[in-house]
Amino acid sequence: MADILHRIGVKVPAPEKVYDALTTVDGLAGWWTDDTKGSGEVGGVLEFRFPPGGFDMEVVDLRPSERVAWRVVDGPEEWPGTTIDWDLRQDGDCTIVLFKHQGRREPVEFMHHCSTKWATYLMSLKSLVETGEGAPSPRDVQISDWH
């Protein structure tokens, strides 16, 4: 299996703002993509759309201010069946976000692109929580023709 792993620290006195940015449509639209719809509740499906396509994520686990987990139910060929986990913990004046996109069978070239994009969107999440301004699609950093 090939996984994408990232870690960021968000300067915030408690993890609630980060958790809200991961579990509400407005929060997700503030850092990942403007075109976000759906339900952030367990069993709900969140729909994320980008200029070249999109992803549908089923919310499978929520632990307030600690964990968010999704299962990809629709998207590019390599994505369905993979999982995305966000584990949060407070460390002084920072919320540590441990991000995992797990379950790909092999590291195809598109995975390299996805890893870089996840990193840029995680920095957008950090910016949203710290400053109130993220850089979601379509205003994100462009790294290739794949968006």
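Contact is taken here to mean heavy atoms within 4.5 Å. In the predicted model described here, W86 touches L22, W31, E66, R67, V68, W70, V97, L98, F99, W118, L122 and L125 when residues up to four places away in sequence are not counted. Among these partners, V68 is also the bridge partner of W86, which in this pairing belongs to β6.

The strands β5 (67–74) and β6 (83–91) run antiparallel and are joined by 5 bridges. They form part of an open sheet of 7 strands, in which the pairing is antiparallel and the order is β1-β7-β6-β5-β4-β3-β2. Direction ignored, neighbouring strands are turned by 20° against each other on average. The helix α1 packs on the sheet, where it touches β1, β4, β5, β6 and β7, and its direction makes about 15° with that of β5. The helix α3, in turn, lies across β1, β3, β6 and β7 and runs at about 15° to β1.

The largest nonpolar core comprises 36 residues, of which W31, W32, W70 and W86 touch the most other members. Two or more residues are given to this core by each of β1 (2–11), α1 (16–23), β3 (45–50), β4, β5, β6, β7 (94–104) and α3, with α3 giving the most, namely 9 residues. In soluble globular proteins, nonpolar side chains tend to be buried together.

The cysteines C94 and C114 were examined for burial. Because buried means under 20% relative accessible area, C94 counts as buried at 19% relative accessibility, and C114 likewise counts as buried at 5%. With a disulfide taken as a pair of cysteine sulfur atoms within 2.5 Å, the count comes to 0 disulfides.

Two features of the backbone remain to be described. Most residues other than glycine have a negative phi, and most peptide bonds are trans. At S65, a residue other than glycine, phi is positive, with a value near 65°; S65 is placed in the loop between β4 (53–63) and β5, and at 15% relative accessibility it counts as buried. The peptide bond from S137 to P138 is cis, with omega near 10°, and P138 lies in the segment that comes after α3 (109–131).

Notes: Residues numbered from 1 in each chain as written. Predicted model: local features only at pLDDT ≥ 70, side-chain atom pairs only at ≥ 80, totals over all residues. Heavy atoms only, no water. Helix = DSSP H or I, 4+ residues; strand = E, 2+ residues; numbered from the N terminus. Buried < 20%, exposed > 50% of the residue type's maximum accessible area, 1.4 Å probe, protein only. Core = buried A, V, L, I, M, F, W, Y, C linked by side-chain atoms within 4.5 Å. Pairing = 2+ DSSP bridges. Axes fitted to C-alpha atoms, helices over the stretch in contact; angles between N-to-C directions.
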